[in-house]
Amino acid sequence: MTSSKKTILCVDTGVDDALALCYALSHEDLNLIGICASYGMATVPQTFSNTKHIVASLGKGDQIPVYMGSEKPLERDREYSGTFHGMDGLGNQNLPDLSGDAKPEESVEFIIDSINKYGADLQIITTGPMTDMAKVIMRLPEGTEPQFTMVSMAGAAITPGNCNLYSEANVMVDPEAAKICFESDVEITMVGLDVTRKTLLTGKELKVWQGYDSPSAEILSKAVAFYLEAYRVHHPYLAGCALHDPLAVGVAMYPDLVKTIPMNITVVTSGEADGDTVENLDKIAEKPTTKVALSVDADRFMADFYSHLNAALQ
Ligand code: CA
């Protein structure tokens, strides 16, 4: 089962976004029409520039447009620690700035234009904060049923969060935005920590990429080496680092990689469980809009992911 929909990838590059970008850009089964890079793992000029570097390193610089996204959460402040992704989002490589004259939120116009153009033939993958998509959803005409769908690396249904017991990082960065998205009528496949923690990258794969002599392999290897070391220190229970963002790309192409349950989801926006994705009890009797992924065929996904990454990075 493959999806042939036109696809927009919304990233916040980010080491695992960089992996997701390589996977998406090298895959014959993904019809990628554009990339949007918002703030998230680093500031928006930085994530935009990182995204341009990844696209260019794969020789796709003149094929896929990259749009700059939002520069901050809807209501909150964003501080950057650099713990997992480095202060530059790619393991402190400090590559030259490619942000040029791009302006924040150009992405929102691009996504709205694409929704109007493609309708049900459009899907949007998010692997960062859901701020851009909340802005898009707030601008949809009232009373019309959205036809496009989303696949979002977001949330934690049963498994503990990765910011605290409750919250997953993409949701925690902008819970108000995630709440707008999940409470909307847009069909969202929630690819959360419940499944992404089951898909891993280890030093073995890194070693293969370190042996390649290409611009993309050089950027990716340095970024992943930093990320793996951060995981070793902070999440020692995992035998590697999780392929959070790449799995969202995989599910967008092959929905049957995951088993989902239908549910209406909301997001807690205050208190101890701030950022938690939970069932929306106010809509318990209504038609569910979210498909919550709870199990994944990790072996099948990882085989496809590594075969495409190995080919793309050589
Ligand atoms: Ca990300």
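**Note on the predicted model: core, sheet, helices and backbone exceptions**

1. The largest nonpolar core holds 92 residues, and those with the most contacts inside it are Cys-22, Cys-181, Val-191, Leu-220 and Ala-248. Helix α1 supplies the largest share of this core, 9 residues. In soluble globular proteins, nonpolar side chains tend to be buried together.

2. The surroundings of Cys-181 can be listed individually. Leaving aside residues up to four places away in sequence, Cys-181 touches Met-130, Met-133, Ala-134, Ile-137, Val-186 and Ile-188.

3. Helix α1 is mostly covered, with 11 of its 11 residues buried.

4. The open sheet has 8 strands in the order β3-β2-β1-β4-β5-β6-β12-β9, and its pairing is mixed. Strands β3 and β9 (258-263) stand at the edges with a single partner strand each, so one side of each is left without a neighbour in the sheet. From one strand to the next, the twist averages 25°.

5. Helix α11 (residues 298-313) has 16 residues and reaches 22 Å from its first C-alpha to its last, close to the 22 Å expected at 1.5 Å a residue. Its buried residues are Phe-301, Met-302, Phe-305, His-308, Leu-309, Ala-312 and Leu-313. Seen down the axis of α11, these buried residues fall within an arc of 140°, so they line one face of the helix. The face turned away from the buried side carries the exposed residues Asp-299, Ala-303, Ser-307 and Ala-311. What covers the buried residues of α11 includes α1 (15-25), α8 (203-210), α9 (215-234), α10 (244-253) and β12 (290-296).

6. Backbone exceptions deserve a separate entry. Most residues other than glycine have a negative phi, and most peptide bonds are trans. The peptide bond from Thr-13 to Gly-14 is cis, with omega near 0°. Gly-14 is placed in the loop between β1 (6-11) and α1.

7. Positive phi values occur at two asparagines: phi is near 60° at Asn-92 and near 50° at Asn-94. Asn-92 lies in the loop between β3 (66-68) and α3 (106-118), and the place of Asn-94 is likewise in the loop between β3 and α3. How exposed is each of them? Asn-92 is partly exposed, because 13 other C-beta atoms lie within 10 Å. Asn-94 counts as exposed, because it has 11 C-beta neighbours inside 10 Å; the cut-off for an exposed residue is 12 or fewer.

Key. Residues are numbered from 1 along each chain as its sequence is written. This is a predicted model: local features need pLDDT of at least 70, side-chain atom pairs count only at pLDDT 80 or more; totals for chains, interfaces and linings use all residues. Helices (H or I, at least four residues) and strands (E, at least two) are DSSP runs, numbered from the N terminus. The expected span of a helix is 1.5 Å times one less than its number of residues. A residue is buried if 20 or more other C-beta atoms lie within 10 Å of its own, exposed if 12 or fewer, and partly exposed in between; C-beta atoms are placed from the backbone. The arc is that of the directions from the helix axis to the C-beta atoms. Two residues are in contact if their C-beta atoms, placed from the backbone, lie within 7 Å. A nonpolar core is a set of buried Ala, Val, Leu, Ile, Met, Phe, Trp, Tyr and Cys residues joined through C-beta atoms within 7 Å. Two strands pair if DSSP finds at least two bridges between them. Axes are lines fitted to C-alpha atoms, for helices over the stretch in contact, and angles run from 0 to 180 degrees between N-to-C directions.
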